[in-house]
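Here is a short briefing to read beside the sequence and the structure.

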Amino acid sequence: MDPALELQQALRPPPRSARPIAGFFLDLAIAIGALLILSLACGAVWAAFKGAQIAMQQGGALDPASVVRLLGEPGAIAVIWMTLVSTGGAALLVYYWRRRATREEHAVSRQAVLRIGTWGWVVATATATFVVSSAISFLGQHLGIRPQPTNLAVIEAAYVASPVFMLLFGVLIAPAYEELLFRRVLFGRLWASGRPWLGVLLSSAAFALMHEIPGTTGNSWQATSMLWLTYGFLGAAFAFVYWRTRTLWAAIGAHALNNAIALVLLNLSAGS
């Protein structure tokens with residue numbers, strides 16, 4: 001077959017699937033359930049580890065003060081590891097159970113990765129996310145609104161404790177499992193049904209809500225809305241670059257580059 005014709009056929013939109021919206025919310029529910037179960041399991045492992053550690057230090061006895069320490073919040077690095085296991089595990093579960101890529105999709109992705117234009121889209125998307133996020137932040141400061149992302153304090157503390165690990169986590173690991181869940185599984189479900197714009201909207205909303213759960217922080221509703229707007233735009237941009245290039249690696253690359261810029265700025269602000 002003519003290579004140009006073969007590539008054209010490979011880049012055709014995926015076939016429609018039945019009941020895509022129900023499938024989308026089922027995928028999301030499974031992911032949330034798995035995340036909660038794995039989070040509880042990680043918490044139990046952490047408590048058991050700390051309990052054994054304190055018991056060894058005190059010769060097998062646990063006094064009330066030790067119990068308070070045992071039930072206290074884990075350190076920043078431990079929280080990052082729990083996040084990796086719970087969210088990453090949930091993403092892998094839903095991907096392999098519900099939305100595993102076919103051989104044809106892998107072939108299309110490999111072809112897209114080899115095109116220079118794909119990586120131009122990656123750079124353009126990361127640049128757009130940085131510019132828009134900065135504009136939203138500037139607008140918030142002008143209006144006297146200074147939102148604090150839920151995970152910012154943990155990220156800052158973990159970065160101080162282990163910068164190399166946080167670079168690996170923030171630039172490589174977290175973008176990979178978040179794109180696998182939100183773009184490949186959730187957006188991909190509606191894209192495959194011929195409803196890509198609905199997929200962009202719903203997957204971006206899920207991405208924003210999972211990053212900033214209402215009522216769990218001290219942010220005002222205005223600050224929370226600004227965070228949702230920021231995360232929602234990021235999710236939409238990463239979905240669009242995946243849709244445009246036909247490879248999840250483009251979305252992962254744009255997400256990774258965006259996070260790398262954020263970590264560099266965090267490092268510069270911490271050193272100033």
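**Briefing: an all-residue tour of one predicted chain**

The side chain of Ser-86 reaches the backbone oxygen of Met-82, at 2.7 Å. This is a predicted model, and its chain has 11 helices and 0 strands. Mean pLDDT is 86.

**Ser-86 in α4**
- Ser-86 sits in helix α4.
- Is Ser-86 buried or exposed? Ser-86 has a relative accessible area of 4%, so this residue is buried.
- Beyond four places in sequence, Ser-86 is in contact with Leu-35, Leu-38 and Ser-39.

**Chain and confidence**
- From the N terminus, the elements run α-α-α-α-α-α-α-α-α-α-α.
- The chain has 272 residues, and buried residues make up 40% of them.
- Take the contacts between residues at least 6 apart in sequence: 81% of these join residues at least 24 apart.
- A pLDDT of 70 or more is reached by 85% of the residues.
- Over residues 1-8, pLDDT stays under 50. For this stretch the model has 4 contacts beyond four places in sequence.
- Where pLDDT is low, predicted coordinates should not be read in detail.

**The largest nonpolar core**
- The largest nonpolar core holds 48 residues.
- Which members touch the most other members? They are Met-166, Phe-169, Leu-186 and Phe-187.
- Helices that each supply at least two residues of this core are α2 (20-57), α4 (76-98), α7 (152-161), α8 (163-191), α9 (196-211), α10 (221-245) and α11 (248-271).
- The largest share comes from α8, with 14 residues.
- Phe-187 has contacts beyond four places in sequence with Phe-182, Pro-196, Gly-199, Val-200, Ser-203, Ala-239, Tyr-242 and Trp-243.

**Where α8 meets α10**
- The axes of α8 and α10 come within 10 Å. They cross at roughly 65°.
- The crossing of α8 past α10 is right-handed.
- On the α8 side, the contact is made by Glu-179, Arg-183, Arg-184, Phe-187 and Trp-191.
- On the α10 side, Gly-235, Phe-238, Ala-239, Tyr-242 and Trp-243 take part.

**Glu-179 in α8**
- Glu-179 belongs to helix α8.
- Why does Glu-179 count as buried? Its relative accessibility is 0%, and the cut-off for buried is under 20%.
- A polar contact of 2.7 Å links the side chain of Glu-179 to the side chain of Arg-183.
- A further polar contact, of 2.6 Å, joins the side chains of Glu-179 and His-255.
- Leaving aside neighbours within four places in sequence, Glu-179 is in contact with Arg-184, Phe-238, Leu-248, Ala-251, Ile-252 and His-255.
- Glu-179 and Trp-249 are 70 residues apart along the chain, and their C-alpha atoms are separated by 8.9 Å.

**His-211 in α9**
- His-211 lies in helix α9.
- His-211 counts as buried because its relative accessibility is 16%, and the limit for buried is under 20%.
- Not counting residues up to four places away in sequence, His-211 touches Thr-150, Glu-178 and Tyr-231.

**Arg-246 between α10 and α11**
- Where is Arg-246 found? Arg-246 is in the loop between α10 and α11.
- Phi of Arg-246 is near 70°, a positive value in a residue other than glycine.
- Most residues other than glycine have a negative phi.
- With a relative accessible area of 18%, Arg-246 is buried.

**Ala-107 in α5**
- Ala-107 is placed in helix α5, residues 103-113.
- Its relative accessible area is 30%, so Ala-107 is partly exposed.
- Ala-107 and Thr-247 are 140 residues apart in sequence. In space they are 9.7 Å apart, C-alpha to C-alpha.

How values were computed:
Residues are numbered from 1 along each chain as its sequence is written. This is a predicted model: local features need pLDDT of at least 70, side-chain atom pairs count only at pLDDT 80 or more; totals for chains, interfaces and linings use all residues. Side-chain values use heavy atoms; hydrogens and water are left out. A nonpolar core is a set of buried Ala, Val, Leu, Ile, Met, Phe, Trp, Tyr and Cys residues joined through side-chain atoms within 4.5 Å. Buried means under 20% relative accessible area, exposed over 50%, partly exposed in between (1.4 Å probe, protein chains only). Helices (H or I, at least four residues) and strands (E, at least two) are DSSP runs, numbered from the N terminus. Contact means heavy atoms within 4.5 Å. pLDDT is the predictor's confidence in each residue, from 0 to 100. A polar contact is a pair of N or O atoms within 3.5 Å; within protein, one must be able to donate a hydrogen and the other to accept it, and residues adjacent in sequence count only if both atoms are side-chain atoms. Axes are lines fitted to C-alpha atoms, for helices over the stretch in contact, and angles run from 0 to 180 degrees between N-to-C directions. A crossing is left-handed if the near helix is turned anticlockwise from the far one by less than a right angle, and right-handed if clockwise.
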